[in-house]
Amino acid sequence: MTQPEERMPRKERTSARIRSKSPRIFAVEMLRLLTIVGIAIFHTFLPAFESVLGYGPWPTVPNVPISAVTGTLWAVWLVMMIKFVGAWGNHIFFMISGYFLIPRMMRDSFETGYWRRQAGATVRRVAQVLATVAFYTLIMLAVDRFVAPVASAGWKEWFLLGLEFIWIYTLVVALAPAAAWLLARIARWNATVLVALAAVAMMLVYALNAYVAFTSTGSFALLDWRKWMGALSYAVSFMLAGLVGHAIRRARGVVAGDGREGVGYGREAGREKSGRPLWMRAGVWAWTLAAVLAVLSAVVAWAVAKGDYPLMYRLSFKSTSAFSFVLAVCSLMIAVTRGRSDDVRDDGVRDATTALPAAAPSHFHNAVQALASGILGFYVVQSLAGGLWKPLCERAMAPALANAALVGGQAARFGWLIVWFALGIAFSVAFVAVVCVCDRCIRQPLLRVLKLSR
């Protein structure tokens, strides 16, 4: 008997097959990809930021390449602004995971067998991270042994220093089921109290972050409480995004793709765009993002004009930047309020029966999704392979910066600095493309074979 799909025209059959694969929410995937690119650009220009701080606000000297930056106000401003992109990207990474994981866990926490199911899911998620680290570690060991020495090779440099961020993420994900269980019960008891507790926690964390940033310099010992403020900041971002996801699902009256109404979710809320509250409108968050970005730009410009580089160091200190956190919140809200983002699995994939547009995704959409899926692999590679890609990047950018310091005219210096920034950004984008394509073609299929990924 001929199946309905076989009676469709070829183009429609292709669209149906694509739709059956449950494509992800494009706005969120685009945000993931922008996060990867932003992190790459941040790491590319991080040495320049450190050199600018070390050299100080002095005029250009021909034999000191970094002085071409310090002697040019707009270049210093741009380097300083890039510094905030690092924490922004890291917060986005945690927020996207929390936005999808926490609400479903909160809903499922009232069902029988919750702990057993979450134990299995948590083991799978942690195993996926560990397998990713092991996979790329083996590759880097082979490169170090047979291809070229890796400057940062070593267990301490890789696993204690280079991958701190990955271990923080693993810990947060492992603790997520317990946190969601507690949050769900507070929400059922009194949602207002939950909102108040979340606000208080956020303010306390960033008050402590400000204290750490303005009273500390350098690195901290492993057991120093100040070192753990970064981990706590990311955990707050993870949980806060989860509560945002819970609130959006409750306001929309929509739950998982199976159509059931979860505990604490009502269907009385209006679903039309005109009935959305202000906090669920992407335009409001876009204007907020623009306003915060304008304030940050003005503060950085003022500090650069005054030569107050220490202020920039403190405002962007490690993962404690309140500016980066607020920008991340706005970015996430723009992505998740643009369309339906509540009928998804915990990995951010839409339910195939309720959430797809009629048309098949374009090649651009598919490319974004393919590259964005490599975000975990990219974080691991950019840490483990730092001894390879950083020297290559510095060698590619060094001539332009040296020429910018050597030339005498402002116009010529402006041109060489533009080339220097363009080379750094182009290298970052190319690095992202190479890593994410390789990750998509090698690591992800391997994890699916091992039943560690979908």
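Which side chains does a polar contact of 2.8 Å join? I looked, and they are those of N90 and Y379. (A polar contact is a pair of N or O atoms within 3.5 Å; within protein, one must be able to donate a hydrogen and the other to accept it, and residues adjacent in sequence count only if both atoms are side-chain atoms.)

**Ground rules**

I note that this is a predicted model, where local features need pLDDT of at least 70, side-chain atom pairs count only at pLDDT 80 or more, and totals for chains, interfaces and linings use all residues. Residues are numbered from 1 along each chain as its sequence is written, and side-chain values use heavy atoms, with hydrogens and water left out.

**Entry: around N90**

I placed N90 in helix α4, residues 73–108. (Helices are DSSP runs of H or I with at least four residues, strands are runs of E with at least two, and both are numbered from the N terminus.) N90 has 14% relative accessibility and counts as buried. (Contact means heavy atoms within 4.5 Å.)

**Entry: aromatic rings**

I turned to the rings next. The count comes to 24 aromatic pairs.

How are the planes of F94 and Y234 set, stacked or edge-to-face? The centres are 5.0 Å apart and the planes are at 5°, so F94 and Y234 are stacked. This pair also links distant parts of the chain: F94 is in helix α4 and Y234 in helix α9 (residues 228–252), 140 residues apart. F94 has 0% relative accessibility, and Y234 is buried with 5%. I wrote down one aromatic cluster, formed by F93, F94, F165, Y169, Y234 and Y379.

**Entry: charges over rings**

I checked two arginines. The charged end of R185 sits over the ring of F110, 4.5 Å from its centre. R249 lies over the face of Y99, at 5.0 Å from the ring centre. (A charge sits over a ring if NZ of Lys or CZ of Arg is within 6 Å of the ring centre and within 35 degrees of the ring normal.)

**Entry: helix α9**

I took the span of α9. Its 25 residues reach 36 Å from first C-alpha to last, close to the 36 Å expected at 1.5 Å a residue. (The expected span is 1.5 Å times one less than the number of residues.) Of those 25 residues, 19 are buried, so α9 is largely enclosed by the rest of the structure. Just after α9, G253 takes a positive phi of about 65°.

**Entry: salt bridges**

Side chains of opposite charge can pair when their charged atoms come close. How many salt bridges are there? The count comes to four. (A salt bridge is a side-chain nitrogen of Lys or Arg within 4 Å of a carboxyl oxygen of Asp or Glu.)

- E29 meets R32 at 2.8 Å, N to O. Both lie in helix α2 (residues 26–55), three residues apart, about one turn of the helix. E29 is buried at 2%, and R32 is buried at 12%.
- R107 pairs with D108, with the closest N and O atoms 2.7 Å apart. R107 is buried at 6%, and D108 is buried at 12%.
- D439 meets R443 at 2.4 Å, N to O. They are four residues apart in helix α16 (residues 410–449), about one helical turn. D439 is buried at 0%, and R443 is buried at 4%.

**Entry: T132**

Last, I looked up T132, in helix α5 (residues 114–147). T132 counts as buried at 0% relative accessibility. Leaving aside neighbours within four places in sequence, T132 is in contact with L376, G377, V380, R443 and L447. T132 and L447 are 315 residues apart in sequence and 8.3 Å apart in space, C-alpha to C-alpha.

Conventions:
Buried means under 20% relative accessible area, exposed over 50%, partly exposed in between (1.4 Å probe, protein chains only). Rings of Phe, Tyr and Trp (its six-membered ring) pair if their centres lie within 6.5 Å; planes under 30 degrees apart count as stacked, over 60 as edge-to-face and the rest as tilted.
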